[in-house]
Every structure is written in C-alpha cells, then in structure tokens.
Amino acid sequence: MGVTTMNKTAFKKKFLDLLTEKFAISVEDASLFEIYTTLGTLIRSSYAKDWRHTWSNYDHEQQKQVYYFSIEFLPGRMMKSNLLNMGWLDTVQAALADLGIQLDDVVAQEPDMALGNGGLGRLASCFMDSIASEGLPGNGNGIRYKYGLFKQKFIDGYQVELPNEWLARGNLWEVRRESKSVDVYFNGYVRLNKLDDGTIVPVHEDPTIVRAVPYDTGMVGFRNGTVNTLRLWDAEIPLSEESLYRSIEQRRAIQDLTSVLYPDDSNEEGRRLRLMQEYFFVSAGVQSILRHFKTKQQKMQNLDEFVAIHINDTHPAMCVAEFMRLLLDEEKMSWERAWNLTVKVMSYTNHTIMSEALEKWSVEMLQSMQPRIYQIIEEIDRRFVEEMTGVVDWELIQRTRIISDGLVHMAHLAIIGSHSTNGVAKLHSDLLKTVVLHDFYRLYPDRFNNKTNGIAERRWLQLANPSLSTVLDKTIGQTWRYEANDLHLLMNYSEDKAVHKQLQQAKQANKERLAAFILQETGVRINEHAIFDVQIKRLHAYKRQLLNLLHILTLYFEIKEEGFTDIQPRVFIFGAKAAPSYHYAKSIIKVINEVGKMIQEDPEVSDKLSIVFLEDYSVSLAEVIIPAADVSEQISLASKEASGTSNMKLMLNGAITIATLDGANIEIRDAVGDENIVIFGLTESQVYDYYEQANYHAYSYYEALPKLKRVVDSFVDGTIANIYQEGKEIFDSLLTYNDEFFVLRDYEAYVNAQKEIEKAYQNQERWLKMSLINVANAGRFSADYTVMKYAEDIWQIEAKPKSRKAKDEKYV
Ligand code: 8GP
C-alpha cells in the first residue's frame, strides 16, 4: 500500500505538493477545510490501488462475496479511521505538527456521515470495518441519503430537529459510478404475456422508472491492504425517459426518494416513501450483483457458491422477492430452482423484539407500488401454505404465512426466504426462539442461531482513547491492537497498583477533555472529579432514561429535604435523540433538561450533582464521551434491549456497568464476573410472569415507597418549573397507564444498585481493579470476531491468508 512505507518527509512533500496543486496556496495560508480536503484526497488516492486490487482479486480468485444490505449505515467520520487502518496515523500526526497543524482540528472539518438512527446502523458500520480488517470479501449496500439523521438542538429544553446537510461541502470519500447505474421500476401494472410455446412472460406496463446511481466508498481494512466497498445508491431521473417526467412534481418525487433518512412513518405519505426507498436500494443492489455475476462466466445455478446476501433487519426483506424476480423473469429459471438458490443465498438478522419494528405493509400499497414483486410474494405465500398444509396445524400456518389480514409481513418473508435467522445477543436469540418467532422456530429449528454483536475496537479504543491505549501499550505490549483478545493480558496486572494509577490518570485526562468540551459547548463548568455517569443511546421508553432521572431526583431530594451531605459528586451525562414523531420520548428530554436547569441553579445541590444533556448525539460525540465515563447505564427493561453496543464500548473504556440482565449485559456479566458489574432489577422471566399473570400494579410501589412518591409527584406538583404538560404525561404513563416498562417496580433496586456504585467508587483501589477487569475482558466483543462467525456459520465466505490482518513488525 505505498502506505506502510510512507515516512514523514515523503508525506510532507506529497501533502504540500497536492495542496499547491489543488488550491495554489501555501500551508500557512490554507484554511483547515483546504487542509482537510488535501489530506483526504491524498489518503483516498493512496488506497485507490489497493481498492482496485481487492476488487479484482476477489474476481480473479473467484471468491464468494457477501453483500450486506442495510437501510442504515452510521460510519461517523472516516479520516482518522482510514489513517489508522492504513498505518499512517502517527506519521501524519507528527508531520502535520511539524507544519504547525493539529490533526484533530483537521479531522473536525469532516461532517459525521450519519446515514443511520442508532444501534442498527452503527453495527453495520462496525461490521464494514471488521469485514475489511479480517480480509473478508464483503460489501455494504445502502442508500445515499441527501440529509442524514436530523441535527438536534434544544430550545427552551425541547428537542428541535434541523436538517443535516452533510453533503453541503461534498464528500471526499465517495466515487460516483455512473456506468454502474441501473433502472428501478415502480407503479404501473403487470401484464402476463403468453408466448406461442406456452411460456408466460410478465411485462411491466406504464412504470415509473428511477435511475439508481451508485456512489462507492472504500472500506479500508486494518493494515492488510484490503479495501472493500460500501455502495450507496442515489435516485436520479433517467436520461432516456427525461421527456416523460416533465412536471416539476414528478421530478421532485424521484429526487425525494433518497432525500431523507427514515422519514416520519406516522402518516401514509411517509410510509409510502419509506417503502419506495426499501425497494429502491434492494432492486438496485440485487440487479448490480447479478449483472456482475454474469461477467464471471459461471453457471447461474451455481450462484450460491459466489454470492451471499444479508438482510439487516426487515427493511431489505424484499431482496427475497427481487432475487426471485430476476431469476424467473430475466434468467428464465424454474420456480423450484430459483427458490432453492434464493434460500441458500439469503440470511437475515433481527435487531429488536419491539413489535412496531417488525414491518408490515398493506397489500394495497405494496401491490400498487410493486405489482410484480407483489405477485411473487403472493406465490411464495401460496406455496408456503401448500407445503405446510397437512404437516403442521392450520393455525400455525395462518400465523406464519406472509400475507394475512390485508398485510404483508416482512419478517415472515425474510425468514421463509432465507437459510439463517439470527438474533444479536444470547438472550435475544433465545427469546426469538421461545417467544417472538417461536412459530417459525417450530417450522425451521435449524435456521435459528445467535451472533452476539460486536464493536470496532479500533475506533472505540485506539482512536477514541489514546491515553488508555498508551497505558495498554506500555503494560501489555501492542498485540491487542490487532488481536482484541490480547487485552486479556491485562488480567496479569489486576492487582498492580502502579498500573491502576496509570489507568486512573488516563481516565482523569479523558474526563478533563470531556469537561473542556462541555464547557465549550454548553458554557457549563462541571466538576472533573465527580463520578461521570453516562447514558447514551436513542431515547425510548423501554431504555428507561426515566429510571435514571428518578434516581437523580431522589438524590436531589435527599440533599434538599433530608439534609444528606456525604453524597459523592456526580455528573449525569445524557446523549439521545428522540424520533421526531415520538411525543413521549420528547417529553422525557424536556423534563431531563428542566431538572438539569433546576439543579444547576440551586447552589445547595449544584456542587454535588449536575446533569449535562449534550445536544446532537452522534458517533463523534460518543468518541469524546465514552473514554471519560466512569459509569455505564444499561438499564432497559429486561427482555427489551436486543443487545446494546454502547455497553460494550463503555466497558472497553473502563466504565463500570450498572445494568439489568438484558441483551448483551448478561454476556458482559459473564465476562467480568459478578463482582465487577452491578446488576439489579427484574429478570426477563419475571417480566414475562407479570405479562402472563397481568398482576402488576404500579400504584402499589408509588404508595409504598415515600421517596419514590416524592419524586413522581414532583412531575406534577410544581417542584420542577416549566414542565406542566410533559410532567403530567410522564406521571400518567407511570400511574394512570400502569407503567408499561416497570420503572416503578425496578426503582428501589436501582437506587440501591446506585448506592453500591457509589460505595465502590469511594474505594478507589477496588474501583480501579473493577475497571481494569472490564477493559481486560472486553476483547471478546470485538466485531472482528463477530464477523468471522457470520462468515463461517452463515455466509460461508473466507479470507485469503495474505489479506488477514497484518502482524507487521511494528506490532510484534
Ligand atoms: C438496535 C437494538 O435496539 C440494539 O439493542 C442492538 O444492539 C442494535 O440494534 C444492533 O443490533 N435496534 C435498532 O437500532 C433498530 O431496530 N432500528 C430499526 C428501527 C430502525
């Protein structure tokens, strides 16, 4: 990669030459953005050869490739991660410093690529990094939204959404590949023409044709010369059809197709657009896979030996029908053969048990938008019913068929049309088998498996936390940088006071960095020696940010009304966006902000407690918060959080987890042992018992626990200013509507668990050991291992030995 051989002098020369070439400017006069553009261009052109080679090697070696279809990718900024993976980071940092430039200032010029909402999209990006870093032949396939996830502002404590124009100043990393465009058909109707020989040929009449143009971004592997491709599709008006789309409305409708990420789906219009997006990137992606396959001179019937398609959640479930369409209509394959191939090629991951996320589309909408796809789904459904009739009972068939009650069930399509369905943590996968998808488990037990999530530890430790990384290098050597399990070597130092001290100093440096950031962003000065207690994730009732708030209010009243003085100072840090149409979640944001204000303005409390709700939570913000965290809040109602990934990132950075036994928290507990995590609250089976017996009475907890009553009343009794409606809404959700997420039930256990946290923190010797043990045992949650398991068990793809992560001289 001309990359590892790059030294400081050579880099400086190249960089300065390019700066002149591009902007005819000297480095002293160049703006940070010009420097960023120059550096980015240099980076991209330096991996371009590897990118081409990676691509042509896969073809040359006839390697099977996976295509990861996801409606969201959330990579964040790419510059530093590319530098790290190319092996350039230290050199470039030093070279720029020689020129009087701080790399971090340059990097900050890059807008976050936020084409995702949260966990699912971030996971897809961690996987892209790990797939390339493991040298696996894999590509991403998604949508190039013009506007990424909205920018969040707080005005008077309320969330306000602003457009995120991440492309306004261009995107350095992408390559537009006009020549690889494909046409995607919508609307119209399908006529089945009967030919003389009796074959039926479907003809799509009067369609709206949208041109899908791919933009490719290189996914640079960690020091192995592999550069895979993330392909994002943009919608354009087809040139040849230009005359057909004369009206501004029609043109706009096409351009709007890829405008916004996850448009509000609470109204009919938004839903239609969402469905169009889904078919758009599915069809474009599958067409381009087949077109490429045909250049290989392999037989169509062997397609499954070369192609795996992964359906990331239900959004790309139409891959099943689109693949069938192309094999049947274009390749003239028999139904049986096409179906056999489809099932072998497809696999599906479920990311949530929340029923609203298991998509269902009305027959009417799907049929009018995709007449041919609907016909195919109907036929898949008919054959499924036929195959199962007489084998299993009729009710089971009715519950599992794809089309029922006027709805098309996308999860059913994904499961029936693929060979693998996995959950994202052990508990979640078990719940899929026993509860959520139990009916399907009865039909296809062999298809179900677990793949616990993982994270790109390079980004979340090496890049985000240089202070801790340096301590690790000094203590256990550098092999952990490419083999995350080597973090375990740190266990040899679990009692070593000198190492504890260094860990403490690294954490303190990160806390100071975050405190400075908070001061700059919010004007609030926080106590750098307080416990930094962090909850960062989407705002959702099941994640129970509200429970966190109840605890904060408890501490507040203990200080104000019960005269408690020996409270360990704490800063509660939140980062969370609420879906624009999720009214209740937005009310919680407002109330947290108002409580924060109340505390801040009260000198009796403000030196002990503070709430910092940072605006516009994003990957880049997470990179500043996570290294500084002492406490990791993972307090969802047991059974509801499929896995969680912030839990992994925070433990990797030495935070102590306070958690319910939910999602991957259970596996974190197993990794660190009971003494190094604080567990509380209902278990998943207790939650299900409540559901079964319908015997939960939130009110009884409110009545029995005076401290809880004081806190809950404060939402409506005027204690907290400016929250009339919002406070009432929360009060009602807890009492009038009987507290759907058992917040009051878990309150007391949570408050006690927080006391345990406080006690542990006050014994720094114990705390530092706990923290060390968390870091040492986080290696198993590296996405490198997760994607290898997908590769072996699900996709059946392999890395060629030379493309595996290089253990180059620097790291041995
Ligand atoms: C999330 C889950 O909530 C989280 O537990 C898990 O760690 C993550 O996926 C990755 O597996 N789910 C989503 O982000 C999700 O369902 N998003 C879709 C609605 C867009």
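Here are a few questions and answers about this predicted model.

The model is predicted, so local features need pLDDT of at least 70 and side-chain atom pairs count only at pLDDT 80 or more, while totals for chains, interfaces and linings use all residues. Residues are numbered from 1 along each chain as its sequence is written, and side-chain values use heavy atoms, with hydrogens and water left out.

Reader: How many helices and strands does the chain have?
Author: Both come from DSSP runs, numbered from the N terminus: helices are H or I with at least four residues, strands are E with at least two. On that basis the chain has 32 helices and 25 strands.

Reader: What share of the residues counts as buried?
Author: Buried means under 20% relative accessible area, exposed over 50%, and partly exposed in between, using a 1.4 Å probe and protein chains only. Of the 812 residues, the buried share is 62%.

Reader: Which elements do the buried residues of α29 pack against?
Author: Helix α29 covers residues 724–734, and its buried residues include Ile 730, Phe 731 and Leu 734. Packing rests on contact, meaning heavy atoms within 4.5 Å. The partners are β6, α20, α21, α27, α28 and α30.

Reader: Is Glu 322 buried or exposed?
Author: Glu 322 sits in helix α9 (residues 319–330). Its relative accessibility is 0%, so Glu 322 counts as buried.

Reader: Which side chain does Glu 322 join in a polar contact of 2.8 Å, besides Arg 325?
Author: A polar contact is a pair of N or O atoms within 3.5 Å; within protein, one must be able to donate a hydrogen and the other to accept it, and residues adjacent in sequence count only if both atoms are side-chain atoms. Leaving aside neighbours within four places in sequence, Glu 322 is in contact with residues including Tyr 279, Val 282 and Ser 283. The side chain joined to Glu 322 at 2.8 Å is that of Ser 283.

Reader: Where is Asn 653, and which side chain does it join in a polar contact?
Author: Asn 653 lies in the loop between α24 (646–652) and β24 (656–659). With a relative accessible area of 2%, Asn 653 is buried. Among the residues it touches are Trp 460, Leu 468 and Val 775. The polar contact, at 2.8 Å, joins its side chain to that of Asn 465.
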